[in-house]
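Keep the viewer open as you read.

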Amino acid sequence: MHFGIKRVVIQSVTPQVNGGVFPVKKVVGESVTVQADIFSEGHHHLGADLLWKEVNENEWQRIPMSFVENDRWQAEFPTETVGNYLYTIEAWIDYYASWKEDLLKKIKAETFVNVDIEPGIQVLESIQGNVTRPVAKIIDSIKKKIKESTSSKQLLNYIESLELNDIPRYMLGINSVTRFDKELHVNVKRKKALFSTWYEFFPRSSNPTEAKHGTFKDCIKLIPYIASMGFDTIYFPPIHPIGKKNRKGANNTLCSDGKSPGSPWAIGSKSGGHDAINPELGTMADFHKLIKVAKKNGLEIAIDLAFQCSPDHPYLKKYPEWFKWRSDGTVQFAENPPKKYEDIVPFDFESEQWQELWNELKRVVLFWVEQGIEIFRVDNPHTKPFPFWEWLISEVNHKNPNVLFLSEAFTRPKVMKTLAKVGFDQSYTYFTWRNTKEELTTYVKDLIESSTKEYFRPNFWANTPDILPEYLQYGGKSAHIIRYALAATLSSNCGIYGPVYELIVNQAIVGKEEYLDSEKYEVKTWDLTKNGSISELISLINKARRENPALQTTWNTKFVETENDALIAYVKKAPHDKCNHILVVVNLDYHNVRSGMIHLPLKDLCINDKPYLMHDLITNEKYIWAGESNYVELKPYVIPVHIFKIQSEMKKENNFDYFM
């Protein structure tokens, strides 16, 4: 027996992103399930351990891997704190188990001879020099009992009952241990990276008085209302001073009369730049109070990180080398032909002074972190270099690992995915334009069933200030309910551009998916108590999200069969709660009543042949269902969605039956 050759193969290890170049992403409480192909030549017994540790720890922790099938092995380890983890695999030939199996076969077949015990003795002796003295004494005792067995029957009984629990498993193949050639990374963030409910509004439109510019003090008055609807994140578009040169007017026109408030994304004026607050909104002290009040109400404030400038930004005079200048001496403004953004000047990330630029932008982010901001929605990250984002996010998280970054990038799929790989915690998606049953199921399955799920956390937005989808333009109230219900139940991260969504504002510029008279260029006044608002329905959907762990992760969505393609249905089971099962059924046709049979996978839901209770969390109605197939009818002008909590176990108490 030769112990010096490492004969075990470890390959096809999952999860890993780009061969381990980028980390796998998890949140606190999620386990990392690791699989690998592990095998050797011949018919040896193998052993394998999953090794894991936090990056700064010295000692590896070990978890035994279990054989699955076809040379595939699996184990998982928990993530209990925010930070970075490492994991790898060790595997070995279990010479003792291999010898034990052969020996027992020979004894039972009555072909055993005394010399057959020698390989087992050799294995035990090879271990003795690598264990503690007490364990070495145990091995001496085992060897002695094996040698002193007076009959094959006695030896059989002893070997069959022998468990080597005091010997570390990998010691059984100490000289054949193979370690996977990479240490793979896991980045673990706080739970909000996976479960968050966003409400966007413009602070300047927070004043209830018509045509009067809102302030942070006005925003504070809105916080209890937003909290009561079940949102946990308020997102503000840029709150910085707005440039005056080339200001945009209503509907993105150039304004020369000086009356327009301008676009908040045209950042910078004599009042300051990216580390300043628009004086019309208030002071930094007001902003601190806003953050404090939000926190008391269970909300976080997220701000926009828009790395671009107005022509008035102080950077243009102080750091002209950070921008592109044309031959006529004018600065190059932003363009996306045929669109022109004359009020915005992009940074030149190819500047020879790029390092100074990078450091200044990092300073800006850390400045806001110091003010109490731990969530940033990043505007147009796909127009800046990937290495910049990888560096910036890493630097910021080194200072404060609780900071989260949402990527606002509606661009090519590989670009969006690469932004997620380099560090963004959440990402905007194509959900906004996926309307049919086939489109939705195909898209969601790609997100949750492919390797994408290891690094890309989707955030489903039903609308944004930039995007008024056709579905919402023509579908009215029903469409708005449908799209929010889908966003909030398909993805555990979701958001709306709030006031216009609640109030079903859906007038678009002709031929475009853009809001007419957009709030991006005007100060608005919203009457959130107006009849026709869907705020109550939004609140009920958010309440279902808060109270049901099944709706707090994206990765558990399982589509179920419906007999009508206008109906989409899916089941979500809570990862750690066997009793929390949700069925969502949505009528995708915002004009017509749709009905059909829904087919549930009862075995997956641990439901037996008995009737079970379906509790609609929106209407509070309850239905008794039986069997796999049941009838559903949804009227878009009433409520076009069911969010059912499945209560499958009937209990008896005081002679009454009730469901749990």
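Which residues does Ser 533 touch, not counting residues up to four places away in sequence?

## Ser 533 and its neighbours

Ser 533 touches Glu 502, Leu 503 and Leu 528 once residues up to four places away in sequence are left out; a contact here means heavy atoms within 4.5 Å. You will find Ser 533 in the loop between helix H13 (498-502) and helix H14 (535-547). Helices (H or I, at least four residues) and strands (E, at least two) are DSSP runs, numbered from the N terminus.

The side chain of Ser 533 also reaches the backbone nitrogen of Ser 535 at 3.1 Å. Ser 533 counts as buried because its relative accessible area is 18%; buried means under 20%, exposed over 50%, and partly exposed in between (1.4 Å probe, protein chains only).

## How to read the model

This is a predicted model, in which local features need pLDDT of at least 70 and side-chain atom pairs count only at pLDDT 80 or more, while totals for chains, interfaces and linings use all residues. Residues are numbered from 1 along each chain as its sequence is written, and side-chain values use heavy atoms, leaving out hydrogens and water.

## Backbone spots to look at

Most residues other than glycine have a negative phi, and most peptide bonds are trans. With that in mind, turn to Thr 14 and Pro 15, which are joined by a cis peptide bond with omega of about 0°. Pro 15 sits in the loop between strand S1 (9-14) and strand S2 (24-27).

Asn 380 is not a glycine, yet has a positive phi of about 50°. Its loop runs between strand S18 (375-379) and helix H9 (386-399), and Asn 380 is partly exposed, with a relative accessible area of 28%. Cys 606, also not a glycine, has a positive phi of about 60°. Cys 606 lies in the loop between strand S27 (594-599) and strand S28 (612-616), and counts as exposed because its relative accessibility is 63%.

## The whole chain

Zooming out, the chain has 14 helices and 33 strands, and its C-alpha trace spans about 105 × 70 × 40 Å along the principal axes. Of the 660 residues, 56% are buried. Among contacts with a separation of 6 or more, 74% come from residues 24 or more positions apart.

The chain exposes about 30400 Å², with carbon and sulfur atoms supplying 49% of it; the areas come from the Shrake-Rupley method with a 1.4 Å probe.

Methods
Polar contact = N/O pair within 3.5 Å; in protein donor to acceptor, adjacent residues only side chain to side chain.
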